[in-house]
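Open the structure in your viewer and switch to a cartoon display. Keep the selection tool ready.

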Amino acid sequence: MNTQEQDRLFALRQLNLLDTSPSESFDRITRMASQLFGLPIAAVSLTDANRQWFKSRVGVDHWEIPRETAPCADVCNSSKILIIPDLLASDCYRNSYLANSGIRFYAGAPLVTREGHTLGAMCVLGTQPREVSEQEQATLYDLAAMVMAQIELQHAFGRIDPMTGLSNRHQFAEDLQDMERDAPNGRRVALFTEVVDANELSTLHRNMGPAFLDELARIAARCLQQTIGSASTLYYLGGCQFVHLVNQASDADLLEEAIRLRQALLALESTRDVPVLIHPITGIAPFCLGEVKAADVLRTAHAACLDARQAGEVAGLFSLALDAHYQRRFTLLGDIGRALESEDELYLVFQPRVSLGSGECLGAEALLRWHHPTLGEVSPGEFIPLIENTPMAKPLTQWVLRHAIRQAKAWHQQGETLQISINVSATNLEEEDFAVRLLDEMARMSLPSTAIEVELTESALIGQGQIAANQLKALIAAGLRIAIDDFGTGYSSLSYLHEIPAHTVKIDRRFITELGQDARTETLVNSMISMAHDLGYRVVAEGIENDISYRRLMELGCDEAQGYFIAKPLLPLVFEKWLHNRTVH
């Protein structure tokens, strides 16, 4: 084989066309060729080392024919159009494979790359002898140019990753569509391999530079392609992440394949092909062709990969239960915007806080609730952590502030001078206009500063930036009280308590529920109350569920109590009824 032919074959294989699934983008050209020439057969024929392989075909049942004596091979060799009016009248082709199969007419135009490599031919064939006009020859050249434009489009514009030479996620999506058409309801498995933990990429980028990551991706691509073999297509997704498809197999066989990929990648360390330690993980996601989109295949396979890494495993099999969990999270994140605009989804309930000395109700904590139209009641413990680090945190908190202040104003007008506590996250505190928005809302409602207390977790207060510190100073200067929520759960409670600009500490419920049952817990609670009092804080106990805890907290000198033993979170009208009954009795 001469060097020119070697270069041609290398160029052909780099295009990742051979032995790939049928593609509608090529099929429409062959259909057009058949119609324009009025012939039953048309094909995009690629010339491999020993065969003619059809990327697209009309009127042909087989995928390939021998290269020897094939007219397309001669088109490839000469890079010129070839017209054979009658194969049986030709000394060269009368005994060819095509002639023996009943073909009499052939016309083929070369498929030539910009670099001058001829890949094969755009050809039309018939079972009767035929002549070709100059106009038809020009048409055949145009069709060949359309095929090459499609090939170059796929390779150069969004189908091939230029760094690794592998197909990318766009090609993956198109290939999946072709597979669905060729084998509907077929079972496949996606193996998603992450060579480097995504969290480590930024560190490597900073320490080693972008060129290193590019080289790592190229080395990993070559390693994985050699491991899975040339019969399988490997796709590069960016960020040292790869995926390829295999046929359905047992879980044990799939895990064994994942381990094989991992071992091949780890061997790069021992051969010093990569100068850093890598931690490859493979996610395994079975699916049925036609039932899921390409994006969902990649998502589920990546999810399996992430779950495996989090669990410390080398490979992970996709879990429907876990996926349902993540899909629910995605749904909640997507629906919160609509909920904020709706009048019947989000609502507040209020849990009373009472004085342990007098039993008087001093205020209530405003708690957000969400009645989702399809998921029903969604716990704030589920949706608030999802939202508090997203752009929706600000409008959600604004909704709570507005409705809590409105309710506080209504109760003040009724003569109930209750203090309403509002939970605020660290994200909210980093908003430069947070204090202004809160104070403006209170001023608009003519609400005194004593009517609102801002509750923040210890983690939100400790390690705060200058913006958060300024917000707190502004709120305190305006006369609002600040409460430390979930006190006792943070690692720095003791060392930082004297520095936190707050007025009240709320002891976390996990300590309160064990009062009277565990001596160590009681000692801790006693110490927290004494220390907080010594530092000038008022103390609230959360999560009181029985009379024993209530009475013991009174004995320990706790100031206020909150919990189901007193009252569960109540809707405003129910809260008013509860308050009236308590006052009467």
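This is a predicted model: local features need pLDDT of at least 70, side-chain atom pairs count only at pLDDT 80 or more; totals for chains, interfaces and linings use all residues.

**Stop 1: helix H2**

Select residues 24-37, which form helix H2. Now show the side chains. Which residues of H2 are buried? They are Ser25, Phe26, Asp27, Ile29, Thr30, Ala33, Ser34 and Phe37. As a general point, an α-helix has 3.6 residues a turn, so residues three or four places apart point the same way.

**Stop 2: helices H6 and H10**

Select residues 169-182 for H6 and residues 294-311 for H10. Their axes lie 9 Å apart, and the helices pack at an angle of about 115 degrees. On the H6 side, the contact is made by Arg169, Phe172, Ala173 and Leu176; on the H10 side, by Ala294, Val297 and Leu298. By class, 6 of these contact residues are nonpolar, none is polar and 1 is charged.

**Stop 3: helices H13 and H15**

Select residues 393-413 for H13 and residues 434-444 for H15. The two axes come within 10 Å and cross at roughly 25 degrees. Because that angle is under 35 degrees, H13 counts as roughly parallel to H15. The crossing is right-handed. H13 makes the contact with Lys394, Thr397, Gln398, Leu401, Arg402 and Ile405, and H15 with Phe434, Arg437, Leu438, Glu441, Met442 and Arg444. Colour the contact residues by class to find 5 nonpolar, 2 polar and 5 charged.

Methods. Residues are numbered from 1 along each chain as its sequence is written. Side-chain values use heavy atoms; hydrogens and water are left out. Axes are lines fitted to C-alpha atoms, for helices over the stretch in contact, and angles run from 0 to 180 degrees between N-to-C directions. Helices (H or I, at least four residues) and strands (E, at least two) are DSSP runs, numbered from the N terminus. Angles under 35 degrees count as roughly parallel, over 145 as roughly antiparallel, 65 to 115 as roughly perpendicular and the rest as oblique. A crossing is left-handed if the near helix is turned anticlockwise from the far one by less than a right angle, and right-handed if clockwise. Contact means heavy atoms within 4.5 Å. Ala, Val, Leu, Ile, Met, Phe, Trp, Tyr, Cys and Pro count as nonpolar, Asp, Glu, Lys and Arg as charged, and the others, Gly among them, as polar. The expected span of a helix is 1.5 Å times one less than its number of residues. Buried means under 20% relative accessible area, exposed over 50%, partly exposed in between (1.4 Å probe, protein chains only).
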